[in-house]
Amino acid sequence: MRAVLTVLRKELTGLFASPIAYLALTAMALSMSLFFLDNLKAFNTQLMLLQTQTAFDQIRAGTIPPGLNLFQQVLLPTVTDTALVLLALIPLITMGMFCEERARRTDELLMTLPLSHTQIAAGKFLATFVFLLAVVAVTALMPAIAAVHTGLDTGPILASVVGLLFLSFAVASIGLVCSALASNQLVAALSAYAISMAILDFSWMMEFTGNAVDRVLHYLSLMTHMAGFPRGVIALSDIVYFMGLCVGAFLLTRVSLALERIH
Amino acid sequence: MMDGGVVEAKGLWKDYGPLHALADVSFSIGEGEVFGLLGRNGSGKTTLLRILTGYRLPTAGSVRVAGIDLIRRSRAVRRRIGYMPEHPQLYADLTVRGLLRFVGNVHGLSRARRESRIEALVTHFGLGAVIDRLAGHCSKGYRARISLAAAVIHEPAVVFLDEPTDGLDPEQRHQTHELIRQLAGGSTVVLSTHDLDEVGVLCSRALVLDRGRVARTGAVDELGGAAGIAKIFRETRERDREQET
């Protein structure tokens, strides 16, 4: 365990020393704020429009039209938008984790130290996850402020943050295995994008497949397993799906490191 | 004291597709020796060192380092060795102190032991001026010394050095030679180089590789010193030229 923590600490130092880390955090904070404010503006505009229509009477009577609330019109779309930004951002964070070691030839130092492939991979995976905690924490800022000032239910907000974390871990795991397998950082990032986008939502493929395949594709889609979190539902099956992706990618990374010694 | 050598290689092969980078290489290195690995560029020196340090696996053959089977128990061997790669590349985002701490921690040194070793190495290798600088941004000479310090922080039984003076100026070369001599007191040193003078000055025995095969091995004096080894190189070069024509 000590060896894993040592690798984790080194990787975190590297992550926080790189401009990509600060770019990622800034991009996340900016995009999250923009999405949140944009959705809030749209919500306000809709409220203003309703005031001039018949629904105004309904609102005055206390019967707000279904779906017209901060949660559905601001929080839900913001979580979806944030998930997409994370999908675009994470491959940039993970692309160098293994590729850069090879490109700078520091892998020779790392691989000749008494570290097992599991320890190296675990250290790098955990460091990326810790860094993503910071990135996702930034995304939680605006909804947290909204919750404090509007009395929004904190359950769905917390569940959304948990969902975004699991999604980030899964996408990062894909990015890390791509970095371990690819010959350079660009290939690693592009492969991670391609895989993440492909499994993001398989619904487009369902038009060409049968019912049984539909069910499988539906289960494999990232978005299927993200859907429950913003509604405040943390389902075990969704957690198993995301953890399964992480463990699968971790094992592949480990195998890739072992194969590297044979080359 | 071990029954055989501290490093024992038997029938080592390394293939890259149809190319034999190493072909049936066998040798033994005794405890406390400074052993030279020689050969022209592309002769297989770096490949051999990469196998001996557990960085790469051989296609066939066996290696024992400090009495441990390298292929079966690679990590146990890596605990007992230190390695300075050719043109050492160090982490650009770690300071020299951070790098030495990282290597010390991986080797399982206690905090007190690690700090006392770092202090001793900083004095010994003259790293005081750069200790808090980013390791990857130091000059070539310093990088060589930092890499050497990292390789010996845990006081390994065997130290592998891959062309440690390549690209250094004469003064830095002289300093590195001194450091290697001092290392030889406590560890077995395997030195890969194509600098024949270096072998004459530092090594007791040497192995000459030629296109992945052992061309000659023995005491440096038996090989005729630097001049004798230069003759072997000339012969192999002329043979290659003849084969090309």
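Analyst: A term to begin with: helices (H or I, at least four residues) and strands (E, at least two) are DSSP runs, and they are numbered from the N terminus. The model is predicted, so local features need pLDDT of at least 70 and side-chain atom pairs count only at pLDDT 80 or more, while totals for chains, interfaces and linings use all residues. Residues are numbered from 1 along each chain as its sequence is written, chains are lettered from A and ligands numbered from 1 in the order in which they are written, and side-chain values use heavy atoms, with hydrogens and water left out.

User: OK. Where is Arg237(B)?

Analyst: Arg237(B) sits in helix H8 of chain B, which covers residues 225-244. With a relative accessible area of 35%, Arg237(B) is partly exposed. The cut-offs are these: buried is under 20% relative accessible area, exposed is over 50%, and partly exposed is in between (1.4 Å probe, protein chains only).

User: Switching to chain A. How many helices and strands does chain A have?

Analyst: Chain A has 14 helices and 0 strands. Its C-alpha atoms fill a box of roughly 75 × 45 × 30 Å along the principal axes. Of the 263 residues in chain A, 49% are buried.

User: What about helix H1 of chain A, how far apart are its end C-alpha atoms?

Analyst: They are 22 Å apart, and this agrees with the 22 Å that the 16 residues of helix H1 (residues 2-17) should span at 1.5 Å a residue. The expected span is 1.5 Å times one less than the number of residues. Buried residues in H1(A) include Val4(A), Leu8(A), Lys10(A), Glu11(A) and Leu15(A).

User: How many salt bridges are there over all chains?

Analyst: The count is 18. A salt bridge is a side-chain nitrogen of Lys or Arg within 4 Å of a carboxyl oxygen of Asp or Glu. One of them joins Glu101(A) and Lys124(A), at 2.9 Å from N to O. Glu101(A) lies in helix H5 (residues 96-104) and Lys124(A) in helix H7 (residues 117-139) of chain A, so this pair ties together parts 23 residues apart in sequence.

User: Glu101(A), buried or exposed?

Analyst: Glu101(A) is buried, at 6% relative accessible area. Lys124(A) is also buried, at 1%.

User: And which residue does Glu260(A) form a salt bridge with?

Analyst: Glu260(A) pairs with Arg102(A), and their closest N and O atoms are 3.0 Å apart. Glu260(A) is in helix H14 (residues 236-262) and Arg102(A) in helix H5 of chain A, 158 residues apart. Glu260(A) is buried at 10%, while Arg102(A) is partly exposed at 24%.

User: Back to chain B. What do the side chains of Asp210(B) and Arg239(B) meet in?

Analyst: They meet in a salt bridge, 2.7 Å from N to O. Asp210(B) belongs to strand E9 (residues 205-210) and Arg239(B) to helix H8 of chain B, 29 residues apart. Asp210(B) is buried at 12%, and Arg239(B) is partly exposed at 26%. Elsewhere, Lys10(A), Glu11(A), Glu101(A) and Lys124(A) form one network through salt bridges that share partners.

User: Which residues make the nonpolar surface patch?

Analyst: Val216(A), Tyr219(A), Leu220(A), Leu236(A) and Val240(A) make that patch of about 470 Å². Its largest share, 3 residues, comes from H12(A). Leu220(A), found in helix H12 of chain A, is partly exposed at 37%.

User: Last thing. What is the phi of Glu163(B)?

Analyst: It is near 45°, a positive value in a residue other than glycine. Most residues other than glycine have a negative phi. Glu163(B) lies in the loop between strand E7 (158-162) and helix H6 (170-184) of chain B, and is buried at 8%. Arg211(B) also has a positive phi of about 45°. Arg211(B) is in the loop between E9 and strand E10 (213-219) of chain B, and at 45% it counts as partly exposed.

Conventions
Patches are made of residues with over 30% relative accessible area and no salt bridge: like charges are joined within 9 Å, nonpolar side chains (Val, Leu, Ile, Met, Phe, Trp, Tyr) within 5 Å. Accessible areas come from the Shrake-Rupley method with a 1.4 Å probe; for residues, only the protein chains shown count as cover.
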